[in-house]
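Biologist: Could we go through the cavities, pockets and domains of this protein together? Please show the structure before we start.

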Amino acid sequence: MTEFRVWAPKPELVRLDVDGRVHPMTRSDDGWWHAQVDAAPDARYGFLLDDDPKVLPDPRSPRQPDGVHERSQLWDANRAAWTDGDWAGRPVEGAVIYELHVGTFTPAGTFGSAIEKLDYLVDLGVDFVEVMPVNSFAGTHGWGYDGVLWYSVHEPYGGPDGLVAFVDACHAHGLGVLIDAVFNHLGPSGNYLPKYGPYLSSGSNPWGEGINIADADADEVRRYIIGCALRWMRDFHADGLRLDAVHALVDTTAIHILEEMATETDWLSEQLGRPLSLVAESDLNDPRLITPRDRGGYGLTAQWADDIHHAIHTAVSGERQGYYADFGSLATLAQTLRHGYFHAGTYSSFRRRRHGRPLDTTEKTGIPATRLVAYTCTHDQVGNRALGDRPSQNLTGGQLAVKAALALGSPYTAMLFMGEEYAASTPFQFFSSHPEPELAKATAEGRKAEFAEHGWDADEIPDPQDPQTFLRSKLNWDEVDSGEHARLLRLYRDLIALRHNDPDMADPWLDDLAVDYDEDQRWIALSRGRLRIVCNLGAEPVKVPVTGDVVLAWGEPEVDGDSAVLEGHSFAVIRAAG
């Protein structure tokens, strides 16, 4: 007998459909419905609510073989063919993370084809693979942030068995796995949860209606969210989660859902005997996210640091539009590298108000730099540009090298976005495949209107629903070994190896980081122990007061006496004598 359970306090009647046969269910006082039925291990099933004839998928569906609008299918995680019993896990702090989108990482766009690239990632030197959302969403392809069945795995990628094989293979290669999880909203297509119960709040966020985590009857919704988070790490052996836009989780309760999730993740980590990490995306610049719980914080492992991205990108590229307006100077870059946040209780011209709070980074009382994640590219910072253009489509190889040196040479946990390491020429554009014509049209028109407000010609904006937009965004692996692509790839490998192997690069405390710069001469230097990471952001050669032995460089620096001459748009890692 198989027990079927569903939380559905809203309907007066719930019936179970298993392979076309309808069975009654019994309701408990807490809104849960139960039924025990003989069912095959791969039975298709769903629920009938009141007098609606449509069979709805299970909110906790383990598999959706025919898409999010159809029946669920039984799938038993305990039967998965794991071979990673010796995997001890690894901490994310101080690691190098590689963010990828399964559908565009390879031509086939599946977990199986991604496995074939793991040797490449090992050679690159990364420690973790972070996959953009793999939960079930409507259509065949999309970014994954419009998921509606959070417990199941997107079938075109390979479904739950494909994810098991991928994580198992990553562990066999010594790679940890982070899964991007979206708990702040639900997608517009296939969202049947409101028919079951009070999953949505009265509020909203930029992506849709908010999730009920603090209103009446929120306790079971919170359990739904936390249960999903734990499922990725328990049933699919993920080493942690990247939590999307947690600033959109509006929680007015005394124990924030992030603190609750972190507590239960730590408990699961103890049960499994391996590290588990929660990495938040947040635009709040709020240190409480990564402050330990015994010191009044939420106890998350790390958070993305957009200020570091903005400071590096604007200083190198010269862009100043939108939220880049407060960034761009070397003084801003130096301050951000020294403190993690640039806006820390300071005025933000983009928000037109004060923003952020200072982060205590002193060694005795503060937060190590490894609790912030630094990067020069993410899916957002590329894909949310009007044309989805990468820095490699606008900057020189030297400028890309400087950005890499600043991010990978910093004491922060580092992250790359797929293709960044070899200056991929392909864009990463916003794409979707909503099956409903009205929704498809609204998505395309909304995208054009959004960028038209900022001066773009609407006709230039790629149509998210056009299959070519998706195909254009796939990496071109044929260019990896050619010309400047290969040269930059070698540099990334060398920078990551230096980061892993040089003891001076392991210090996580910002107290020990010195940053010098010359605004007029356009050079900046990070001092980490005996290492000096010296970057020339200008187009002309510049003399920098540093000396020692060149460990790694882009260009041909000349070190003589008490200074080094760097070519335009270049950098050098120099080890001081002594």
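Biologist: Which residues line the largest cavity?
Modeller: The largest cavity is lined by Thr376, Cys377, Arg390, Pro391, Ser392, Leu400, Lys403, Glu420, Ala423 and Tyr492. On a 1 Å grid over the protein atoms alone, a cavity is a set of points where a 1.4 Å probe fits but cannot get out, and lining residues have an atom within 4 Å of a point. Please note that this is a predicted model, in which local features need pLDDT of at least 70, side-chain atom pairs count only at pLDDT 80 or more, and totals for chains, interfaces and linings use all residues. Residues are numbered from 1 along each chain as its sequence is written, and side-chain values use heavy atoms, with hydrogens and water left out.

Biologist: What volume does the largest cavity have?
Modeller: Its volume is about 90 Å³, a volume being the space filled by probe spheres set on the grid points, which are joined across faces, edges and corners.

Biologist: And what about the second largest cavity, which residues are the closest to its centre?
Modeller: That cavity holds about 80 Å³ of space. Of its 14 lining residues, His309, His313, Gln381, Arg385 and Pro391 are the closest to the centre.

Biologist: Changing topic, how is the chain divided into domains?
Modeller: The domain assignment, which is automatic or comes from a database, gives domain 1 (2–56), domain 2 (101–437 + 467–501), domain 3 (438–465) and domain 4 (514–575).

Biologist: How many residues do domain 1 and domain 2 bring to their contact?
Modeller: Domain 1 gives twelve residues and domain 2 gives ten, where contact means heavy atoms within 4.5 Å.

Biologist: What area is buried there?
Modeller: About 920 Å² is buried between domain 1 and domain 2, with carbon and sulfur atoms giving 66% of that area. Buried area is the accessible area (1.4 Å probe) that two parts lose on being put together, summed over both. On the domain 1 side, Trp7, Lys10 and Leu56 supply 58% of the area buried against domain 2, more than any other three residues.

Biologist: How many salt bridges lie between domain 1 and domain 2?
Modeller: The count is zero, a salt bridge being a side-chain nitrogen of Lys or Arg within 4 Å of a carboxyl oxygen of Asp or Glu.

Biologist: Finally, which residues are the closest to the centre of the second largest pocket?
Modeller: Glu3, Tyr45, Pro62, Leu74 and Trp75 are the closest, out of 22 lining residues. A pocket is an open set of points with protein on both sides within 12 Å along at least five of seven lines, and this one holds about 620 Å³ of space. Domain 1 and domain 2 each give at least three residues to the lining.
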